[in-house]
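Q: I have a model open and want to go through it piece by piece. Can we start with the backbone and then move on to the sheet and the packing?

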Amino acid sequence: MRHLSLSLSMAETNATVNQKKIDDCYMPLVHSNSSSINIDDSLSGVDDPIPIIDFSMLISDDPDKQFKTTQDLRNACLEYGSFMVINHELPDNLIMRVYEALAQFFDLRKEEKREYETNDPTDMIRWGKWDGNLLSTEFIKMVVHPTFHCPTKLAGLSEILQECIKRMRELGVQLLRAISKTLGFEECYIEKRMKLESGHDFISANDYQVRLNSENQLGQPPHYDTGLLVLLLPGESNGLQLEHHGKWINVNPQPNSIVVIIADHIEILTNGKYKSLLHRVVLNKKVRRISLPLFLGPSLDTTVSPMPEFVDEHHPPAYLVKTYKESLETNQYQVIDGMSCMKNVRL
């Protein structure tokens, strides 16, 4: 990892090069997961609702409630590739403390954060800021499982994030168990197949500042995500948009809800039955928005390929066989550049 001894001029040069890479690779539509997406690219979006999954019903002792919610989850995965989770087990005050702690980190002087500025995609902690012709965001990315990594510049940040991520990860594993059941498997099938006990998980906290005079309208371009699921603490204002049937849907999260997005490797596992979701972030020019996505992934040595139950003579394998590490290396360990690994694995 680079440290503060890195000269300011070199850091600024790297930031310029990285921003140019972001601007050059941005396209209004990303076609890596579909050959026929035709999207209304209006930035305003529409306020159609997305599915809501009541987690307390998903784990209920009442078999009827659990069955109905599992069916709702199946439909959400099939039709939307996303859903909003309510009545989960993350305390409201913990979520608020996470937002406050991340705001304090992003408010540190740039010189303090530059310790974590790096072009090496394998570094465990990476800070960056894009403020170019198209995108405006600041992020801090950390690998959090199987080993937890966190900046030490801010007292208390590590403890708060570690507690929150532990609970988010437990929720993610529970959701993957339910998703296994929606596919007709026993509930631990995906968990065991993907070796989640040693899964490679990371977060990429984002700070979308108010920029009243900026021409930038996007915090992140349309993109798909690597991994199995993305669990998102969406922040206290709107900005996330999901693609659905050629429209951008504004995600209007309920207070302290968690937004879940199907990611690339669920699509690979199901041979395209559950598809990775195209999404983007539109800047809110009135209110600062801080979000925290947890990317839940397989272990690095896990081979990810379509499950045999989804392959037959009418549905041949649609994806190359790769380990999760190979997928991440192809995608530069999920650099925030709007890229998807799918274009490199689709047959």
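**Backbone, sheet and core**

A: Lys-195 is found in the loop between helix H7 (189–193) and strand E5 (201–208). Keep in mind that this is a predicted model.

Q: What is the phi of Lys-195?

A: Positive, about 50°, although Lys-195 is not a glycine. Most residues other than glycine have a negative phi.

Q: Why does Asn-271 count as buried?

A: Because its relative accessibility is 13%, and the cut-off for buried is under 20%.

Q: Which residues does the cis peptide bond join?

A: His-145 and Pro-146, with omega at about 10°. Pro-146 lies in the loop between strand E4 (136–145) and H6.

Q: New topic, the sheet. What is the strand order?

A: The order is E1-E2-E10-E7-E12-E5-E4-E3, which is 8 strands in an open sheet with mixed pairing. The edge strands are E1 and E3 (125–131), each pairing on one side only. From one strand to the next, the twist averages 25°.

Q: Which helix packs on the sheet?

A: Helix H4 (residues 92–106) packs on the sheet, touching E3, E4, E5, E7 (229–233) and E12 (289–296). The direction of H4 makes about 110° with that of E12.

Q: Back to E2. In what sense does E2 pair with E1, parallel or antiparallel?

A: E1 (residues 52–54) and E2 pair in the parallel sense, over 3 bridges. Ile-52 stands opposite Met-84 in E2.

Q: And with E10, parallel or antiparallel?

A: E2 and E10 (residues 258–262) pair in the antiparallel sense over 4 bridges. Ile-258 in E10 is the bridge partner of Val-85, and Val-259 in E10 stands opposite Met-84.

Q: How many residues of E2 are buried?

A: 5 of the 5 residues of E2 (residues 82–86) are buried, so E2 is largely enclosed by the rest of the structure. Both faces are covered: Ser-82, Met-84 and Ile-86 are buried on one side, and Phe-83 and Val-85 on the other.

Q: Now the core. How many residues are in the largest nonpolar one?

A: The largest nonpolar core has 69 residues, and those with the most contacts inside it are Leu-161, Leu-175 and Ile-179. Helix H6 (residues 157–182) supplies the largest share of this core, 12 residues.

Q: What does Leu-161 touch?

A: Not counting residues up to four places away in sequence, Leu-161 touches Val-98, Leu-102, Met-142, Phe-148, Cys-150, Ile-203 and Leu-292.

Q: What about another core?

A: Another core, of 18 residues, lies apart from the largest one; Ile-50, Val-251, Ala-263 and Val-281 are among its residues.

Q: Last one: how do H3 and H6 cross?

A: The axes of H3 (residues 63–79) and H6 come within 9 Å and cross at roughly 85°. That makes H3 roughly perpendicular to H6.

Q: Which residues meet there?

A: From H3, Gln-66, Thr-70, Leu-73, Arg-74 and Cys-77; from H6, Leu-175, Ala-178, Ile-179, Lys-181 and Thr-182. The residues of this contact divide into 5 nonpolar, 3 polar and 2 charged.

Conventions
Residues are numbered from 1 along each chain as its sequence is written. This is a predicted model: local features need pLDDT of at least 70, side-chain atom pairs count only at pLDDT 80 or more; totals for chains, interfaces and linings use all residues. Side-chain values use heavy atoms; hydrogens and water are left out. A nonpolar core is a set of buried Ala, Val, Leu, Ile, Met, Phe, Trp, Tyr and Cys residues joined through side-chain atoms within 4.5 Å. Buried means under 20% relative accessible area, exposed over 50%, partly exposed in between (1.4 Å probe, protein chains only). Helices (H or I, at least four residues) and strands (E, at least two) are DSSP runs, numbered from the N terminus. Contact means heavy atoms within 4.5 Å. Axes are lines fitted to C-alpha atoms, for helices over the stretch in contact, and angles run from 0 to 180 degrees between N-to-C directions. Angles under 35 degrees count as roughly parallel, over 145 as roughly antiparallel, 65 to 115 as roughly perpendicular and the rest as oblique. Ala, Val, Leu, Ile, Met, Phe, Trp, Tyr, Cys and Pro count as nonpolar, Asp, Glu, Lys and Arg as charged, and the others, Gly among them, as polar. Two strands pair if DSSP finds at least two bridges between them.
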